[in-house]
Amino acid sequence: MNKPQNKLFWVGGATGAVYGLSIRGLLQTSIGHGTWVTPVIWVMSIAFIAVVPFAMGYITVAMKARHAPVTVTQRIFVPWAAVLISLAVSAAVLWEGVICIVMFSPIALVCGSLGGLLAGYAVRPSRPQAATVSMLIVALLPMFVGPIEHHLGTVEARSVESEVVIQAPAETVWRNIERVPTIDPTELPRSWNRTIGFPRPLEATLSYEGLGGVRHATFAGGVLFIETIDVWEPLKRLGFSIHADSDHIPSTTLDEHVKVGGRYFDVPHGEYILEPQPGGMVRLRLVSRHRVSTDFNWYARLWTDAVMRDVQRSILHVVRNRCEADNRR
């Protein structure tokens, strides 16, 4: 590829990135002010998470395709530059946290590539004016999609379950789940969700044993879950309704898009189930119910299920190791 063609790709990538950042900046300034932008497009919408990256990819490739043919490989991967630049800037200026960026990146990159593929197919050097018109139309596309989806948001209840077999009697397992003394970081397994910024579990206290007892499950970063016991079957089942103290969760820990107990995500119930196994072992199951409330639950639930399962895996890892250590004493 010669230098003029390289320059066209750089210009296209910069234009695509500026387009995406301009929309995100406009949304940022409208937060809490009730401007005209909110009814048209908002961050947690298909228009923003899918259509805006699609338009960025289209614009990036079309800038080059107006002058010369673009290979399929370039159509797929060149839009990534615009997407990644916009994500990096959004993180740098604190518009988005690391968690949101990691969750947003896969769909943004795929949609950017789709936009690039369409531009490579539709835009021809022989029709530069048509190319310019098509870029304008695609750039405005999120503004038309947003109002259409405004009433499409759904509330979906999800259930995630993990289990572990513990070489210890039920009495030992029960003692280690009704209360969880402070967890040292070295007790936790490697976890991808903590790598991207989710807080680690710290401890769980219990006001008193029995129905109505209140557990305070605390996580790093000031995250507190108030859990009221609603199932109490000693050595068998321990269930609790969960209220996240979301008003006191710092935005630096979980921003509004991923805040537990917030508009888009909540975890209302959890339950431990103990099942005796041969050889004096116990199968411990941890079941969590959570709510997803977005315009794109089909995508968001992939992440919420994975996060919940990873959190469960960490907690069960700690419980198993503690129980088996107690059993060896």
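## Ser-191 and its surroundings

Setting aside neighbours within four places in sequence, Ser-191 is in contact with Asp-310, Arg-313 and Ser-314, where contact means heavy atoms within 4.5 Å. This is a predicted model, in which local features need pLDDT of at least 70, side-chain atom pairs count only at pLDDT 80 or more, and totals for chains, interfaces and linings use all residues. Residues are numbered from 1 along each chain as its sequence is written, and side-chain values use heavy atoms, with hydrogens and water left out.

You will find Ser-191 in the loop between helix 7 and helix 8 (192–195). Helices (H or I, at least four residues) and strands (E, at least two) are DSSP runs, numbered from the N terminus. Ser-191 has a relative accessible area of 7%, so it is buried; buried means under 20% relative accessible area, exposed over 50%, and partly exposed in between, with a 1.4 Å probe and protein chains only. The side chain of Ser-191 makes a polar contact of 2.9 Å with that of Asn-193, and another of 2.5 Å with the side chain of Asp-310. A polar contact is a pair of N or O atoms within 3.5 Å; within protein, one must be able to donate a hydrogen and the other to accept it, and residues adjacent in sequence count only if both atoms are side-chain atoms.

An open sheet is formed by seven strands in the order 1-7-6-5-4-3-2, with antiparallel pairing. Two strands pair if DSSP finds at least two bridges between them. Strand 1 (154–166) and strand 2 (201–206) are at the edges and have a single partner strand each, so one side of each has no neighbour in the sheet. From one strand to the next, the twist averages 20°.

How many bridges join strand 4 to strand 5? Eight bridges link strand 4 (residues 223–233) with strand 5 (residues 237–244), and the two run antiparallel.

Helix 7 (residues 170–178) lies across strand 1, strand 2, strand 3 (214–219), strand 4, strand 5, strand 6 (265–277) and strand 7 (281–294), at about 165° to strand 6. Axes are lines fitted to C-alpha atoms, for helices over the stretch in contact, and angles run from 0 to 180 degrees between N-to-C directions. Helix 9 (residues 297–328) also packs on the sheet, where it touches strand 1, strand 3, strand 6 and strand 7, and its direction makes about 25° with that of strand 1.

Two packed helices are described by the angle between their axes and the distance between the axes. For helix 5 and helix 9, the axes come within 11 Å and cross at roughly 140°. These two helices are therefore oblique to each other; angles under 35 degrees count as roughly parallel, over 145 as roughly antiparallel, 65 to 115 as roughly perpendicular and the rest as oblique. From helix 5, Val-102, Met-103, Pro-106 and Ile-107 meet Trp-298, Tyr-299, Trp-303 and Val-307 of helix 9.

Ile-166 belongs to strand 1 and, at 0% relative accessibility, counts as buried. Ile-166 and Met-281 are 115 residues apart in sequence, yet 5.6 Å apart in space, C-alpha to C-alpha. Not counting residues up to four places away in sequence, Ile-166 touches several residues, including Val-173, Leu-284 and Cys-323.

Gln-167 sits in the loop between strand 1 and helix 7. From Gln-167 to Cys-323 there are 156 residues in sequence and 7.7 Å in space, C-alpha to C-alpha.

## Loop residues to look at

Most residues other than glycine have a negative phi. Leu-94 has a positive phi, near 65°. Leu-94 is placed in the loop between helix 4 (72–92) and helix 5 (98–122) and is exposed, with a relative accessible area of 71%. Leu-235 has a positive phi too, near 70°, and lies in the loop between strand 4 and strand 5. At 34% relative accessibility, Leu-235 counts as partly exposed.

Is Ser-45 buried or exposed? Ser-45, in the loop between helix 2 (37–40) and helix 3 (46–65), is buried at 0% relative accessibility. Apart from neighbours within four places in sequence, Ser-45 is in contact with Glu-149, Asp-295 and Phe-296.
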